[in-house]
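Have a look at the sequence and the 3D view, then read on.

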Amino acid sequence: MELAGETEPAEAAMAPASKNAKEGSRSRGRRRWRKGKAKASRLIHNMDLRTMTQSLVTLAEDNIAFFSSQGPGETAQRLSGVFAGVREQALGLEPALGRLLGVAHLFDLDPETPANGYRSLVHTARCCLAHLLHKSRYVASNRCSIFFRTSHNLAELEAYLAALTQLRALVYYAQRLLVTNQPGVLFFEGDEGLTADFLREYVTLHKGCFYGRCLGFQFTPAIRPFLQTISIGLVSFGEHYKRNETGLSVAASSLFTSGRFAIDPELRGAEFERIIQNLDVHFWKAFWNITEMEVLSSLANMASATVRVSRLLSLPPEAFEMPLTANPTLTVTISPPLAHTGPGPVLVRLISYDLREGQDSEELSSLVKSNGQRSLELWPRPQQAPRSRSLIVHFHGGGFVAQTSKSHEPYLKSWAQELGAPIVSIDYSLAPEAPFPRALEECFFAYCWAIKHCTLLGSTGERICLAGDSAGGNLCFTVALRAAAYGVRVPDGIMAAYPATMLQPAASPSRLLSLMDPLLPLSVLSKCVSAYAGAKTEDHSNSDQKALGMMGLVRRDTALLLRDFRLGASSWLNSFLELSGRKSQKMSEPIAGLSAPLLSEPMRRSVSEAALAQPQGPLGTDSLRNLTLRDLSLRGNSETSSDTPEMSLSAETLGPSTPSDVNFLLPPEDAGEEAEAKNELSPMDRGLGVHAAFPEGFHPRRSSQGATQMPLYSSPIVKNPFMSPLLAPDSMLKSLPPVHIVACALDPMLDDSVMLARRLRNLGQPVTLRVVEDLPHGFLTLAALCRETRQAAELCVERIRLVLTPPAGPAPAPPPV
């Protein structure tokens with residue numbers, strides 16, 4: 001494990017007489033130090049949990065004895081106290097982790113895929129323990145050295161002790177889920193009131209410790225510098241968001257305001273926690289869309305593969321006919337998207353490594369969006385490449401609220417090159433302006449259009465694969481379900497990377513990881529889901545900005561760039577320190593209960609006014625009863641009245657799934673095994689309920705950032721199977737094609753993938769689940785960052801290739817369109 005901030009051995013800093021000899025000695029010292037650290041990391045990784053805990057406790061006691069003997073100095077007392085805390089938390093955590101490990105295998109898809117939220121929690125806790133063990137060894141070996149940096153090591157030890165304390169709280173929450181849930185179910189099954197109580201208690205936990213010195217400690221070391229850069233940019237962006245500044249204006253401002261966040265991890269962690277808890281979905285839309293800026297997207301494309309075709313097309317909102325799969329002589333009308341905003345064109349991006357037949361036709365050229373990117377290289381060549389037998393239809397991620405195909409274009413270009421197939425990426429409308437089911441309608445319309453006009457796209461359409469990540473993975477499943485409901489051609493397979501399949505605010509072991517995830521905190525996930533579900537959101541944006549649009553804002557901010565530089569660092573610092581008397585903008589629908597105290601220290605104040613004062617919405621005010629997992633019957637689909645699920649065309653008529661059709665549970669033989677495992681828990685653990693207190697003497701840290709703006713109740717629409725495919729009845733899931741899921745072990749949405757794969761496996765549906773280690777949610781957009789992300793992206797390509805490879809035997813004729 002890579003440990004940041006360590007001091008190098010003293011012998012590496014000894015200075016020879018000659019400058020060259022001095023540099024050579026330092027270089028050799030660094031190599032020895034790195035080799036020793038890598039060896040120690042491997043040894044720690046191979047330790048079992050009990051041995052690791054015992055070693056940590058022994059080292060902690062040794063350090064306690066040493067620093068207690070150093071007199072009454074404050075630093076020595078703090079070091080002694082922090083090691084005493086490490087010993088206490090490690091001894092309390094070890095038995096709880098052991099109990100989770102004892103039952104974690106019962107929630108795996110199969111023995112070859114050991115992955116679920118319980119395992120991820122144990123792995124994360126082990127990472128924290130391993131770091132503390134390494135740091136404790138370092139302190140014990142160097143505490144008498146004149147090169148020992150006392151303040152630095154004390155700050156790091158205190159930060160990781162705070163993280164270990166919060167992890168212990170998460171493990172206790174996981175135990176409560178374990179003893180409350182039905183066998184084989186990873187999601188919490190309490191009723192609406194218990195769910196709200198559980199989440200209300202969970203969101204009060206302190207999170208800032210995970211965003212400072214401990215940022216990304218659970219991920220591969222190559223990811224951590226990137227996460228640190230993102231976190232610094234996020235808190236800087238948050239400061240200027242309320243000033244109606246975006247684009248290059250924020251970039252210029254951040255040059256002068258981000259320095260203090262880089263050198264003060266505790267300040268950065270506090271600001272990060274404040275931002276993720278209190279800023280609304282419009283902030284996240286603006287922040288995530290920074291990658292859409294021409295400068296950043298051009299830099300990303302420079303490092304990606306060069307393709308012959310990249311054209312933004314505008315599909316006209318005109319209805320067309322599609323043949324039914326069961327009887328091609330009959331057709332069904334595919335209507336243009338209608339929900340919320342009425343008929344409108346759908347934007348798609350065609351990406352192809354080679355210029356193929358049909359891609360330069362006049363008919364396709366007439367669809368090219370005039371003000372969009374148009375890249376079509378037509379230099380002389382012997383002949384055009386023939387049409388590919390395959391076609392990939394891609395849905396991008398972004399929490400349903402941000403990004404477009406342009407954000408995902410770099411890795412899509414690589415896919416087009418490696419797979420030799422054209423890719424059609426759909427730029428569906430985004431929430432909260434276009435909530436469910438607008439995105440689904442547009443994606444389904446574009447999917448059907450691509451099948452019907454595949455020859456224009458450079459494909460014969462023999463093999464069609466749906467691919468998407470995160471929110472796009474959700475749309476892959478729902479588009480396929482809708483195609484089956486309409487009776488039109490279902491894709492030949494689905495590749496979903498870290499998909500969101502359960503959009504209810506239900507607790508699960510992996511969802512607990514959102515407490516420390518810098519890319520997908522629970523509050524942000526909840527705000528995105530609420531926006532997609534159509535819940536009313538606060539509108540802090542300026543009407544002039546809405547009229548300008550993203551590119552207009554960039555042009556406006558370019559004019560402001562020189563102004564920002566003229567202000568200089570001193571002006572920005574004065575602006576930051578100045579006590580602001582301005583009130584935050586009025587919300588469209590104010591809610592009673594505003595309470596958020598200001599911090600006493602000026603340097604700890606955030607100039608984001610939404611972070612200083614935000615309303616706390618009423619909890620549990622939804623008058624409609626939510627469908628919970630406990631309501632789902634054990635019966636299969638034997639009582640289903642029809643083999644074809646009823647399909648509606650609007651959000652109002654898309655009702656929740658029939659409880660009798662849904663079966664989340666494992667076969668009875670597995671239930672008995674888990675019941676035995678539960679009986680092995682101590683009487684105290686078996687008595688733990690959602691409301692149970694922590695063990696006597698243990699008190700996790702609570703957040704000091706004021707009220708958390710996060711809806712803790714669920715809208716009935718999120719139970720719709722076309723929004724939460726995990727809640728679809730068995731009869732609908734049986735209509736899905738072969739499914740390939742690539743998930744992340746440390747992703748808060750890991751359990752979404754595991755549970756869907758388990759349901760499909762129990763139904764006899766072809767499904768594969770591959771779980772990559774030590775990578776965060778969204779690794780596809782980080783594919784060029786390091787070796788681990790490239791390997792994970794290659795795994796996604798392999799899964800798509802399995803779909804595009806035709807089955808053995810004579811090649812089937814293309815289906816009629």
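## Around Arg511

Arg511 touches Phe187, Tyr202, Met502, Gln504, Ala506, Pro748, Met749, Asp751 and Asp752, leaving out residues up to four places away in sequence; contact here means heavy atoms within 4.5 Å. You'll find Arg511 in the loop between strand E9 (493-497) and helix H18 (522-533). Helices (H or I, at least four residues) and strands (E, at least two) are DSSP runs, numbered from the N terminus.

Is Arg511 buried or exposed? Arg511 is buried, with a relative accessible area of 6%. Buried means under 20% relative accessible area, exposed over 50%, and partly exposed in between, using a 1.4 Å probe and protein chains only. A polar atom of the Arg511 side chain also sits 3.4 Å from the backbone oxygen of Ala506. That's a polar contact: a pair of N or O atoms within 3.5 Å where, within protein, one must be able to donate a hydrogen and the other to accept it, and where residues adjacent in sequence count only if both atoms are side-chain atoms.

## What you're looking at

This is a predicted model, where local features need pLDDT of at least 70 and side-chain atom pairs count only at pLDDT 80 or more, while totals for chains, interfaces and linings use all residues. Residues are numbered from 1 along each chain as its sequence is written, and side-chain values use heavy atoms, with hydrogens and water left out.

The chain has 25 helices and eleven strands. Of its 817 residues, 57% count as buried. Among contacts in the chain with a separation of 6 or more, 84% are between residues 24 or more positions apart.

## Helices packing side by side

Two packed helices are described by the angle between their axes and the distance between the axes. Here axes are lines fitted to C-alpha atoms, for helices over the stretch in contact, and angles run from 0 to 180 degrees between N-to-C directions. Start with helix H3 (residues 49-68) and H4, which pack at an angle of about 165 degrees with their axes 8 Å apart. That makes H3 roughly antiparallel to H4; angles under 35 degrees count as roughly parallel, over 145 as roughly antiparallel, 65 to 115 as roughly perpendicular and the rest as oblique. The residues of this H3 and H4 contact divide into 15 nonpolar, five polar and four charged. For those classes, Ala, Val, Leu, Ile, Met, Phe, Trp, Tyr, Cys and Pro count as nonpolar, Asp, Glu, Lys and Arg as charged, and the others, Gly among them, as polar.

Next, helix H4 (residues 74-104) and helix H6 (residues 150-180) have axes that come within 9 Å and cross at roughly 25 degrees. So H4 is roughly parallel to H6, and their contact has 18 nonpolar, seven polar and five charged residues. Helix H5 (residues 117-142) meets H6 as well, with axes that come within 10 Å and cross at roughly 155 degrees. That makes H5 roughly antiparallel to H6. By class, the H5 and H6 contact has 18 nonpolar, three polar and two charged residues.

## Phe83, inside H4

Phe83 belongs to helix H4 and is buried, at 0% relative accessible area. Leaving aside neighbours within four places in sequence, Phe83 is in contact with Ala60, Asn63, Ile64, Phe67, Ser136, Val139 and Leu157. The C-alpha atoms of Phe83 and Leu154 are separated by 9.9 Å, although these residues are 71 apart along the chain.

How many residues of helix H12 (residues 281-288) are buried? Seven of its eight are, namely Val281, His282, Phe283, Trp284, Lys285, Phe287 and Trp288. At the start of H12, a side-chain oxygen of Asp280 reaches to within 3.2 Å of the backbone nitrogen of His282.

Gly472, in helix H17 (residues 471-486), is buried too, at 0% relative accessibility. Gly472 touches Phe395, His396 and Gly397, not counting residues up to four places away in sequence.

A cis peptide bond joins Ala431 and Pro432, with omega about 0 degrees. Another cis peptide bond joins Phe436 and Pro437, with omega about 5 degrees. Pro432 lies in the loop between strand E7 (423-427) and helix H16 (438-452), and Pro437 is in the loop between E7 and H16 as well.
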